[in-house]
Amino acid sequence: MKELLTESVYFGMVLTLVCYEIGLSVKRKVKFPLANPLLVGAVLIILVLLALDIEYETYQASVRPISFLLTPATVCLAIPLYRQLRLLKKYPLAIIGGVLSGVLTAMVSIYLLSLAFGLTHEEYVSILPKSITTAIGMGVSQKMGGVVALTVISISISGISGTILADIWLKLLRIREPIAKGLALGTAAHALGTAKAMELGEIEGAMSSLSIVVTGILSVIAISFFAPLI
Amino acid sequence: MKYIKQISIILSICLIAELMEYYIPLPVAASIYGLVLMLLALTTKLLPLEEVQDTADFLLNHIALLFIPPTVGMMDGVEIMKQMAVPLLVICMVTTLLIMGATGLVSQAILRKGKKEEA
């Protein structure tokens, strides 16, 4: 039975799609950032694999068709950016200036904290892309010799903590302009932050989703300078 | 038919991007070259948005699904996760707040300066 299951290329695909669907319906019912289809789906799959004593490598091989779509999907991030180019042209200084300060703050603060915790190069470069969207962050981590799973986890922690703390933190710092709020959420907490920004308002949402891709591109450049430091 | 054409266009861009990754000696992943190529094709009107948008929107709506396999990979990294738990949580939470503050304050200052100059 187990051999039959693991030898079928459909096993991993079916398992992944079903767990993702469950994650989607959990998200619809529970309004909490931890209940997102990525985390719920991944945890369910891990439980099934552990219960059936199937190794990650076996699973990974059978879901190759899904992984194959990652590059095309990342390329498609150009489409939302293109749709919002109008906004970028309207507020070029505030957007580029704001996102660039966020990206540089990310690089310097991650570098200093990694140094303080004595992290290895592998651990450091896995965390560097923590505030950019998973599609871009995973590629960066792989390219720099990081552990992709660690990168995915740091991206999730950043997205979740940023979303939960955004209200208090933005109020405390007196950030009140809708444009500034949206940019702050997208630059610090990528897609999860954007979901939050969309709840705040239309301008916040548009700014946040624009800043995800701008942050991703600027971070790729910044990381190539910062990665060799540890 | 529509989808076949859209998928072909997107995959062609990926193919060119992979060649760029191979030949350009920069630490940049193929997907970033592809993203920039796609943006250039759209802004120069070389590629009309309608030619790719249905497939692109479908992929982007379900992008979380594509991250599930690498996230499941954490089952192999239990040791590194255990050892990394504290630095990971501290670094990710602290820097997220710093980034949010920096971006918010700087963009707000630039916006308000612009408004003052207009007035």
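Begin by selecting Ser141(A), which sits in helix 11 (residues 134-144) of chain A, where helices are DSSP runs of H or I with at least four residues, strands being runs of E with at least two, and both are numbered from the N terminus. The model on your screen is predicted, so local features need pLDDT of at least 70 and side-chain atom pairs count only at pLDDT 80 or more, while totals for chains, interfaces and linings use all residues. Residues are numbered from 1 along each chain as its sequence is written, chains are lettered from A and ligands numbered from 1 in the order in which they are written, and side-chain values use heavy atoms, with hydrogens and water left out.

Stay with Ser141(A) and colour by accessibility: this residue is buried, with a relative accessible area of 0%, where buried means under 20%, exposed over 50% and partly exposed in between, using a 1.4 Å probe and protein chains only. Leaving aside neighbours within four places in sequence, Ser141(A) is in contact with several residues of chain A, including Val125(A), Pro129(A), Val147(A) and Thr151(A); contact here means heavy atoms within 4.5 Å.

Next, show both chains together, and look at where they meet. In this interface, 92 residues of chain A are in contact with 71 residues of chain B. The two chains bury about 7300 Å² between them, 83% of it on carbon and sulfur atoms, buried area being the accessible area (1.4 Å probe) that two parts lose on being put together, summed over both.

Ser109(A) counts as buried at 9% relative accessibility, and, not counting residues up to four places away in sequence, it touches Thr95(B) and Leu98(B).

Now turn to the charged pairs. A search of the whole structure finds six salt bridges over all chains, a salt bridge being a side-chain nitrogen of Lys or Arg within 4 Å of a carboxyl oxygen of Asp or Glu. Between chain A and chain B the count is three.

Select Asp57(B) and Arg83(A), which form a salt bridge whose closest N and O atoms are 3.1 Å apart. This pair crosses between chains, running from helix 3 (residues 53-61) of chain B, which holds Asp57(B), to helix 7 (residues 78-83) of chain A, which holds Arg83(A). Asp57(B) is partly exposed at 27% relative accessible area, and Arg83(A) is also partly exposed, at 37%. Then select Lys143(A) and Glu21(B), whose side chains meet in a salt bridge at 2.5 Å, N to O.

For a pair inside one chain, select Asp167(A) and Lys196(A), whose side chains meet in a salt bridge at 2.9 Å, N to O. The pair links distant parts of the chain, with Asp167(A) in helix 12 (residues 148-172) and Lys196(A) in helix 13 (residues 178-200) of chain A, 29 residues apart. Asp167(A) is partly exposed, with a relative accessible area of 42%, whereas Lys196(A) counts as buried at 12%.

Finish in chain B by selecting helix 4 (residues 63-72), where nine of the 10 residues are buried, so the helix is largely enclosed by the rest of the structure. Among the buried residues of helix 4 are Ile63(B), Leu66(B), Phe67(B), Pro70(B) and Val72(B).
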